[in-house]
Amino acid sequence: MSNSEPAIDPAALRLGQRVVEMRQNNGQTLDQLASASGVSRSMLSQIERGKANPTLAVTYRIAQSFGLSIGEMVDDPSLGSPIEVVHGSDPGNLFRDDEECRIRTLSPLHMEKNVEFYELVLAPGAALSSAPHFVGTRELLTVTAGRAAVVTEASESALNVGDSAYYRADVAHSVSNPGCEQLRAFLVVTYS
């Protein structure tokens, strides 16, 4: 490398690799990413090649177009621990906890843009009703104890221990406990 060539900044190179990776994972062209982020195609090209050090505002707009925070955009997963633990004793993992319903997050919170994993406990006669989620959202409910009724639009399914139901969650839906004993289930929410 000659003295006139600027040294490649490792952070800019990493950000560029991450933008390429995210853009390709989303099946986007540079033009589509430029349109979605409001960052020019030429600037995106320079960023992807590690030839530009974008401002915080530009990085923010790119991250937002992927549905990420700046931290998630620049995070290098290889630098962290290879095992993430969600502790059952952490009250921050309780989404809801009252006499009728307990929902505990089992997946790391940063995954919530792709998949959510919950433990659901419903008292006899209790229900968990949900408004429609984002278009394309689906839920998979597996009963481990008790009985469940899943209602979505005009459909209803009765579930017993060991049964699973996969259903649209981008419409109004509910899970209820029609039985006399506590319902325990695992709920997986996926987004497309």
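The expected span of a helix is 1.5 Å times one less than its number of residues. In this predicted model, helix H1 (residues 10–25) has 16 residues, and the distance from its first C-alpha to its last is 22 Å, close to the 22 Å expected at 1.5 Å a residue.

The buried residues of H1 are Ala12, Leu15, Gly16, Arg18, Val19, Met22 and Arg23. They lie on the same side of H1 because they cover an arc of only 165° around the axis. These buried residues pack against helix H2 (30–37), helix H3 (41–48), helix H4 (56–65) and helix H5 (70–74). The face of H1 turned away from the buried side carries Pro10, Gln24 and Asn25, which are exposed. Just after H1, a positive phi of about 65° is found at Gly27.

The largest nonpolar core contains 20 residues, of which Leu120, Leu122, Leu141 and Val175 touch the most other members. Two or more residues of this core are given by each of strand E2 (101–105), strand E3 (115–122), strand E5 (138–145), strand E6 (148–152), strand E8 (164–168) and strand E10 (183–190). Strand E10 supplies the largest share of this core, four residues.

The surroundings of Val175 were also examined. When its neighbours within four places in sequence are left aside, Val175 is in contact with Leu120, Leu122, Ala127, Leu128, Leu141, Ala148, Ala149, Val150, Tyr167 and Leu183.

Notes: Residues are numbered from 1 along each chain as its sequence is written. This is a predicted model: local features need pLDDT of at least 70, side-chain atom pairs count only at pLDDT 80 or more; totals for chains, interfaces and linings use all residues. Side-chain values use heavy atoms; hydrogens and water are left out. A nonpolar core is a set of buried Ala, Val, Leu, Ile, Met, Phe, Trp, Tyr and Cys residues joined through side-chain atoms within 4.5 Å. Buried means under 20% relative accessible area, exposed over 50%, partly exposed in between (1.4 Å probe, protein chains only). Contact means heavy atoms within 4.5 Å. The arc is that of the directions from the helix axis to the C-beta atoms.
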